[in-house]
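Please open the model in your viewer and keep the selection panel at hand.

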Amino acid sequence: MSAPTKTTTLGARGLWLVALLSSAILFSPETPEKPTWVSDPKQAAFEPTACMDSSGHLWALWISTGRAKETTARIAGTVRLGSIAVAEFTIEDAGLFPAAPHLAAWKSGAYLVWEAGGDGARQLFGRELTLAESRDEVILGELEILPAGTPRPLVPRLAARKDSLALVYQGLRGSNYELFFATRDASGWSESRALTTTDTDEWNPRVAVDGADGLHLVWDFFDGESFEVAYARIEGGKLEAQRLVASGAPFQGYPELAVETDGTAWIAWEAGPQFGKHGGLRSARNLGLAKLSRSDAPENSGALALERLAPGSLMADVSQRGFARPTLTTNGLLLTYNFPVRANRKRGHLFTSWMTSVVEFADGQSVERRVPMSDGNSDPDSVLVADPAGGAWLVFSSDRRREQFDQVSAWSDSIERRPHVAILRVNSDGGFPQLLESTPLPQTEPKESVNRAAKPTPGVYFGDLHRHTHLSRCAGAKDGTILDAYRYARGPGALDFIAITDHFQHMKPWSWFCSKRDAIRYHAPGSLVVLSGVERVRAKRGHYNDIYFDPAEVPFDVDSWMRPPARFAPAPPQHVISIPHMMAVDDGTGFDWDEFAEDRTRLFEIYQGKRGSYEGRGLPYEADDRVEEEVALARGFERGAHFGLIAASDHASSSTSFAGLYAEELTRESIFKALQNRRCFAATVARPLDASLGNLEMGSSGELTEEPIFRVSVPENPAASVAYVELVRDGFTHERLAGSGDVENWILSLRKLPLAHRGLLTVEVEGGEFEGVRPRRPDAPGARILAQEKHLLKLRREDFILIDFSVAIRWDPAAEVQSVTVRSGDLEAEVPRASVELGTSRSLKRGDLRVQAWRQGALLEPSSDEYSFRVSGELGHSYYARIAWSDGNLAWTSPIRIRSNEEDE
């Protein structure tokens with residue numbers, strides 16, 4: 001596939017082409033109509049799809065689940081004339097974990113396609129749906145298996161032509177997602193063929209037909225740096241007239257498509273200032289809207305060209321719009337999108353709901369109407385279908401959760417309710433938005449995808465085993481959807497494995513069904529291993545992430561999830577790993593070592609991207625809340641406990657926490673085995689390292705039969721040199737290898753700085769001079785350097801994320817006062833040099849200003865690939881290494897425990 005011709009919604013990278021609609025946007029709080037609920041109130045109903053047939057019947061269907069332990073589910077539906085039900089139907093043989101149903105008008109009825117199946121055996125299925133002559137019954141056609149062309153087809157989408165159906169979907173080809181295409185006519189389905197053969201991941205295909213039976217396609221793809229939106233026509237089973245519709249910002253994706261009779265295409269999508277570079281995946285989203293129309297210019301030869309562009313946002317007071325969907329009615333354009341409401345704290349507990357808005361363009365104005373009773377999760381659970389008689393029908397899924405917010409009394413209460421499907425008539429006077437001209441940019445070739453990049457160290461893989469989605473209440477909407485998490489993992493996160501661990505208290509059977517179903521759908525051996533999991537919070541016993549080998553075998557079982565690890569039932573011991581986190585909090589919720597169960601508690605999470613390190617008070621990147629003075633891990637070592645160490649993200653964090661491990665191959669079996677064997681390490685950056693003690697490898701426990709030398713392997717990295725290496729014995733720093741120069745390295749962290757402090761920050765040194773400064777994450781700095789002087793740094797805050805800077809200082813030994821001072825507005829935090837020991841940190845809070853200063857000391861120069869320590873070799877001791885880099889990144893190897901062969905592990 002050749003690169004799409006590049007036209008763009010952005011000028012310089014990261015800056016929107018600022019534009020305004022020619023008329024003001026009016027706001028109507030709610031539509032006067034009320035929805036009609038159409039699904040069985042005893043069943044959970046979600047993922048609706050709909051179409052209008054040639055006789056004016058509205059076909060709507062959805063996935064329906066009942067009992068908690070089901071892996072199968074029904075597809076249920078209704079046929080209606082207006083709001084009056086004509087017929088109801090169910091498809092009982094929808095298969096294992098059905099997903100992504102899609103309807104298209106076909107012949108005198110409709111055609112349905114969906115995906116279903118177990119791990120590694122997903123297939124696409126189809127069925128004709130026809131109304132009986134009596135018009136009160138739906139006749140189900142024969143179940144058809146569609147030609148997939150890939151073992152893992154995803155997200156099928158249909159478009160109806162005059163005499164055939166067109167099918168597009170995404171699926172794995174090698175290690176990347178590509179787009180596939182097939183057609184169906186009276187003789188059946190054609191063979192499937194690949195539309196794309198690139199080194200990038202293609203996502204979210206959407207197809208539509210114009211009045212001349214022409215096929216139009218939009219999708220988005222990750223080019224190695226960012227997500228971009230593309231358009232093409234499908235001619236002869238190939239892509240033609242390709243264009244980049246949106247490019248340049250870190251995230252532009254989830255495109256949706258509507259095509260007029262003359263071939264004019266309307267494309268809506270999401271755009272975000274960042275995606276997976278630092279904070280939450282859905283911290284801020286805008287909407288984009290573009291129009292592709294035929295150009296009369298001779299050089300275009302009648303091809304579609306991007307001519308007009310809508311602004312990136314429609315409502316200035318909503319910062320998290322999502323899943324925009326354009327629909328063409330008989331006389332204009334309608335647009336729907338999701339937005340969060342009432343994301344506030346009540347009695348200390350966070351409440352978040354997403355609602356649907358409909359935007360109409362008429363009489364020179366744009367009017368938004370919020371759909372009543374549409375509140376629920378942030379999934380794209382709505383579809384708008386044009387009615388030939390005028391207006392449209394909105395079909396959506398909702399759990400109406402706001403109705404119960406007043407009854408939710410504890411953080412552990414779920415705010416989810418059983419979702420149902422409703423229909424709503426949307427009247428419209430018609431009209432189109434008045435858009436502004438866009439400016440094309442030069443064509444560029446797609447960049448190599450991270451999924452095809454050669455691994456720098458064979459056998460070393462990096463993942464994240466503690467990620468949340470909107471199903472957990474703790475961060476509101478910031479964590480994004482399940483699909484957001486998998487797009488992040490394959491895209492900017494560059495992860496090899498991932499586990500979503502939403503709080504089981506916040507989920508219900510239907511959301512757990514979707515969570516483990518999607519772990520199966522997006523598991524891709526060789527490119528991304530997906531493990532299933534939950535977070536369990538046990539009152540005054542600790543926080544655990546339980547990671548499962550087989551998603552399908554774990555039912556929704558609240559009673560089991562409330563038990564300690566030793567009595568945990570939903571999965572056998574060899575198929576579950578329980579990973580405690582926040583071990584060192586001093587408010588009574590830290591880990592209870594009486595619950596340590598070595599057959600399941602194989603790992604501990606020592607660092608979180610959200611909060612920092614729980615290794616101990618005063619140690620680097622100490623967590624910003626409630627870290628107790630006693631070193632938590634030391635209590636475990638005293639008891640003879642053996643465990644590995646990892647880092648993970650938790651909430652509203654990305655690309656700053658990793659579990660590194662050594663595995664034979666990138667499969668679920670191999671990754672799970674490495675985790676069970678503790679062949680892993682914790683790191684704030686994806687850099688390989690290893691450790692050994694004589695004959696014992698990292699993470700092992702056994703008898704020492706060789707010379708007692710602890711070796712740490714840290715391959716040289718051009719991004720940063722090693723600042724120091726420390727050997728930790730039984731939880732306490734035992735020995736430190738550091739440099740001896742006269743320039744000292746400090747890491748300055750600003751934690752949870754409120755948006756009110758977005759502006760000028762200054763860092764001043766007294767009794768010394770700045771030799772250099774660099775951000776910990778150059779690709780996603782929280783602040784940019786305005787000026788660097790001998791004694792003063794001027795920074796401007798760019799975002800609400802943590803701000804970490806590495807600062808080199810040459811101290812004046814004759815100075816009476818030696819200190820570093822950070823100022824934000826009228827707040828000031830001064831850190832005397834003498835108050836911070838080498839290798840430790842000090843945290844200060846001055847109002848809203850939280851500063852942590854980590855004194856690294858003189859750097860280890862020149863760096864070496866291996867560092868060694870001689871130890872006593874006595875039985876019962878555990879050793880691990882702490883590695884610090886000059887840019888402020890940190891890593892911990894898993895402990896090695898010396899024991900006799902007679903001692904049971």
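Which backbone nitrogen lies 2.9 Å from a polar atom of the side chain of Ser39? Select Ser39 and Val421: the backbone nitrogen in question belongs to Val421.

This is a predicted model, in which local features need pLDDT of at least 70 and side-chain atom pairs pLDDT 80 or more, while totals for chains, interfaces and linings use all residues. Residues are numbered from 1 along each chain as its sequence is written, and side-chain values use heavy atoms, without hydrogens or water.

Stay with Ser39, which sits in the loop between strand S3 (36-37) and strand S4 (44-52); strands are DSSP runs of E with at least two residues, numbered from the N terminus. Ser39 counts as buried because its relative accessibility is 10%, the limit being under 20% relative accessible area with a 1.4 Å probe, protein chains only. Beyond its neighbours within four places in sequence, Ser39 is in contact (heavy atoms within 4.5 Å) with Ala45, Trp62, His420 and Val421.

Next, select strand S52 (768-775) and strand S58 (841-846). These are the edge strands, each pairing on one side only, of an open antiparallel sheet of 5 strands ordered S52-S55-S50-S59-S58; pairing requires at least two DSSP bridges between two strands. Within S55, Val807 is the bridge partner of Val773.

Finally, show the whole protein chain: 5 helices and 63 strands, helices being DSSP runs of H or I with at least four residues. Of its 905 residues, 64% are buried.

Note on methods. Buried < 20%, exposed > 50% of the residue type's maximum accessible area, 1.4 Å probe, protein only. Polar contact = N/O pair within 3.5 Å; in protein donor to acceptor, adjacent residues only side chain to side chain.
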